[in-house]
Amino acid sequence: MRLSIWKCSYFLLALLLVPNRAFAMHIMEGFLPIEWAIFWWALSLPFIILGLRSIRKTIEANPETKMMLGLSGAFAFVLSALKIPSVTGSCSHPTGVGLGTVLFGPLAMSVIGSIVLLFQALLLAHGGLTTLGANAFSMAIAGPFIAYFIFKGSQKLGLSFSIAVFLAAMLGDLGTYLVTSVQLALAFPSEVGGFFASFTKFAGIFALTQIPLAISEGILTVIVMNFLKKYNVSELKALRVFSAKEVH
Amino acid sequence: MKKTLLLLAIVVLLAIIPLFIQKGAEFGGADGEAEMAIGEINADYEPWFESLWEPPSGEIESLLFALQAAIGASFIGYFIGYMRGKHKEG
């Protein structure tokens, strides 16, 4: 019974959030000058290769965590499909990579996040192939790494597990769009004011819109993590998600 | 369970409140605005590559987005059911 309530509210939520008209949120196809497109591709590829190795190692050591890897991918898939209205009067979508980062580390998410981006670039004309390197760097690499360090740092500070998860997912989401702003500002420095003027402009568009969505992503990640804490404690321990203090 | 519902309610509110405090706003994509900003900074910039395929209409695009969310949500639902079932057999 409780499961059906959970599921119903989930689908109701999903229905509420699917907008009538879809817009894209990553850097659009062809919108980065070719030298920057190549630069970000070159920077992202090593992370993706290391990510594939990291996933293989985790699955070999803990085959029972395969389902949770699927869950991490599914979570990113759902969240990056939901374009949600924001206080700025425009829409954006969460990234959903925080959950997988806390579970499997940032490198694993560089692969999963890139798969989501590839799907959206090919089937939805959302983002693009030439800009996939840059978009992968912001959403699948920078975001997860920010989330990872925030999570570990919060645990060191002795914050509760839920708060650490919330902060990691929220700031990883926000960080993604700050990095997107940096990428656009680097490629399009303003004639007056240069990089910083452009950065302020792009960050005003992306990052401000993203704040309430980042909070939502943090909350949704905590909800899923609460479930895992209840039903998958052994896997969480195998993945060393808890800090030494929390294990006891 | 109560806590979960409360948290979900906050998420729903965060999405609904903007619709009321920004009445009349377009709620377009933040990326469309970024595109305009690029035009303001560098009016000569021409995108040098086009998407290989684009959904022919907004309706089809939202169909694909809904499908993406549905595929993800189905797996999450399956995961929750599977783990709860396994837990009960314990």
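Predicted model: local features only at pLDDT ≥ 70, side-chain atom pairs only at ≥ 80, totals over all residues.
I started with A:Phe77, which counts as buried because its relative accessibility is 14%. (Buried is under 20% relative accessible area, exposed is over 50%, and partly exposed is in between, with a 1.4 Å probe and protein chains only.)

Residues are numbered from 1 along each chain as its sequence is written, chains are lettered from A and ligands numbered from 1 in the order written, and side-chain values use heavy atoms, leaving out hydrogens and water.

**Entry: aromatic pairs**

I searched the whole structure and found 21 aromatic pairs over all chains. (Rings of Phe, Tyr and Trp, the last by its six-membered ring, pair if their centres lie within 6.5 Å; planes under 30 degrees apart are stacked, over 60 edge-to-face, and the rest tilted.) I looked up A:Phe77 and A:Phe119: their ring centres are 5.0 Å apart and their planes stand at 50 degrees, so this pair is tilted. A:Phe77 sits in helix H3 (residues 66-79) of chain A and A:Phe119 in helix H5 (residues 106-123) of chain A, so the pair ties together parts 42 residues apart in sequence. (Helices are DSSP runs of H or I with at least four residues, strands are runs of E with at least two, and both are numbered from the N terminus.) A:Phe119 counts as partly exposed, at 23% relative accessibility.

Next I took A:Phe195 and A:Phe199, whose ring centres are 6.1 Å apart with planes at 15 degrees, so I logged them as stacked. Both are in helix H8 (residues 194-231) of chain A, 4 residues apart, or about one helical turn. A:Phe195 is partly exposed at 26%, and A:Phe199 is partly exposed at 22%.

I also noted a cluster linked by ring pairs, with A:Trp36, A:Phe39 and A:Tyr148 among its members.

**Entry: a charge over a ring**

Here I crossed between chains: A:Lys83 lies over the face of B:Phe65, at 3.6 Å from the ring centre. (The rule asks for NZ of Lys or CZ of Arg within 6 Å of the ring centre and within 35 degrees of the ring normal.)

**Entry: helices around the largest pocket**

I finished with the lining of the largest pocket. Helix H2 (34-61), helix H4 (98-104), H5 and helix H6 (132-156) of chain A each supply at least two residues to it. H2(A) gives the most, with 6 residues.
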